[in-house]
Structure formats: structure tokens, C-alpha cells
Amino acid sequence: MRFAIDAMGGDYAPREIIRGAVAARDLLPEDDIVLVGDAGAIEAELAAAGAERERLAIVHASQRVEMAETPVEAVRKKPDSSMRRAMELMARREVDAVVSAGNTGAFVAAAHMVVKRLPGIRRPGISVVFPTFRGPVVVIDVGANVDCRPRHLFQYGLMASVYARKVLKVENPSVGILSIGEESVKGNELAREARELLEQSDLNFRGNAEGRDLFSGRFDVVVCDGFVGNIVLKCVEAMAVNTFRTIREELKALDPEVTAKLDPVLADVERRHDSAEYGGAPLLGVDGIVIICHGDSKARAVANAF
């Protein structure tokens, strides 16, 4: 494959983005990576990292989209931004996938405007996979669209079901809609109307999913609007970090020798629940592979996004 990455997007760009791309290049011996952004800054970071240039290309872009900029306005007013130039490479099929840790709203808008949506899809959604004891759970949307209509949530369920079946190899994925209770009358108007559409579909819809059901094993796919989904995502990630930190501190206080014996197991479990291990999340519903990373991604997370 040939990837393009927005080298100027993210809190730690360009250094951590470029170092992550170099690490990904080393992990993927048959793939090429195009670094899109300020050519001078990219060259300097590659030199500082002592990186060989094999299978790394540079496409210059004179502008960058800042994290606080208004999404659509930024894409329109900065035609030579690294984010837009990377997306244009995808639109021309010069690359197979685009990765960015930059402004999420602007990246989604660029995908809308440049790569375009799949036929029939009204709103693309960002999907993430939560690791659970009973298997992976796909949650969509986690930040692409904060104001949704019932039809959007229905299409999220459809797209995430295909993703679970084709990518995660889950046969006949069970689908739920995130709400405040199991009963069909529970939830706001959006959730109730979206539930009706899901019930009338051919999807394996199982009803309302409460927050605890994200890890109960009842559902393979859980749909929600991007406002709720992003809060859920950040809470789950923070809870994982805090839980493992607490366990380690308690074990150390109890018995350092026991902690040393358990450390390899704890490290493995902690790694599997670390968002940096997964790197990025696909934007489902656009005509190409678009991977969105956290804005605070460092090299390890960026490398794992490829």
C-alpha cells in the first residue's frame, strides 16, 4: 500500500508524526509513505532522526490547519494545507490511505469535500474498537458529527456491521443503540426514532445498549451520535489509564516482589487497553481509507495507525 500522512497535523507535529511514519515504514516493508507538509521542516526532522529515505516521499504544502480553527472554513481558506493536499492525493488515487492527527473536524470536512462520500451515505462516522473480555466492540460515531438525525445513526449501524463482519470477522454482528435504559421507551427523541429504523432493518438489532453494555458482550456494534460517542471514548481511555495506575500502586505498596512477578502480565493487559496501541480510527462512509488519530498522538500511536 501507499499511505499519505498529514505531517503538520497534531499537537506534536511535525516531529512525532514524522518519527511515527518512519517507524511505520520500518514495520511495513512492502509499503510506501508520503509525508505531506512543509518540505523544509520534514527534511530537518528526518535528518534529526537519522532516518533513511527509502520508501519515504515528500509532497510540499505551504499551509497547515491549526487545532482550534473552524473545520469547513479552514479547509476552504487553506487550499495548500497539508491536510487537504494529503486528501487530494487520495482523490487522485495516488495513495491508498490518508492518516492525520490534526484537527478532526477539518479532516472530516476535507474527506467530505475532496474524497467524497460513498453513494447513499449521508454522514460518515468515526468508528473505534473497544477491546473487551468477550471480544471487540465497534462504537460509532465518536466525533465526526455532534448533531445527528435518526437516519445517520441507522447508517452508522449499517456501516459498522459491515466493518465488524469484514474486518473483525464477526458473523452476523449484534447491534445496539446507546441509551439510558434497556426499555424501548427510554432515551431522547433521536435515540427512539433511530431505534425504530434499526428495528425495521435487516440488521441483527438487539435494542438499547446502556453504558455498561459496551463491555457486557451483548453487542458487537453500538451506535450513538458523535457528541456522546466522543465523551464515551475519552472516559473509557482515561478510566483504563487510571485503573492500571491504581493497580500498580496498590501492588507496590502491598508487596514489591509480587509486583515484579506480575509486571509482565500487567504490562501486556495494559498495552491491549492503551489507545496508542491502536493508533487511529477509520472514518467510515467516505470513498477511501481515512484514518483519524488523537491530536496528542506521539510516534508510537502514529506508527500503529498505519
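## Two domains

The C-alpha centres of domain 1 and domain 2 are 26 Å apart. The model is predicted. The domain assignment of the protein chain places residues 2–116 and 286–305 in domain 1. Domain 2 covers residues 121–283.

## Contact and buried area

Where the domains meet, 15 residues of domain 1 contact 19 residues of domain 2. The size of an interface is often given as the accessible area lost when the parts come together. Here, domain 1 and domain 2 bury about 1,300 Å² between them. Carbon and sulfur atoms account for 58% of that area.

Three residues stand out on the domain 1 side. Ile292, His294 and Arg300 supply 38% of the area that domain 1 buries against domain 2. That is more than any other three residues.

Two salt bridges are counted between domain 1 and domain 2. In the model, the side chains of glutamate 277 and arginine 300 form a salt bridge, at 2.8 Å from N to O. Arg300 is also one of the three residues named above for buried area.

Seven residue pairs are in polar contact across the interface of domain 1 and domain 2, with both residues at pLDDT 80 or more.

## The domain 1 face

Which elements each supply at least two residues of the side of domain 1 that touches domain 2? They are helix H5 (104–115), strand E11 (289–293) and helix H10 (299–304).

By class, this side of domain 1 has nine nonpolar residues, five polar residues and one charged residue.

Technical notes: Residues numbered from 1 in each chain as written. Predicted model: local features only at pLDDT ≥ 70, side-chain atom pairs only at ≥ 80, totals over all residues. Heavy atoms only, no water. Domains from an automatic or database assignment. Contact = heavy atoms within 4.5 Å. Buried area = accessible area lost by both parts, 1.4 Å probe. Salt bridge = Lys/Arg side-chain N within 4 Å of Asp/Glu carboxyl O. Polar contact = N/O pair within 3.5 Å; in protein donor to acceptor, adjacent residues only side chain to side chain. Helix = DSSP H or I, 4+ residues; strand = E, 2+ residues; numbered from the N terminus. Nonpolar A, V, L, I, M, F, W, Y, C, P; charged D, E, K, R; others polar.
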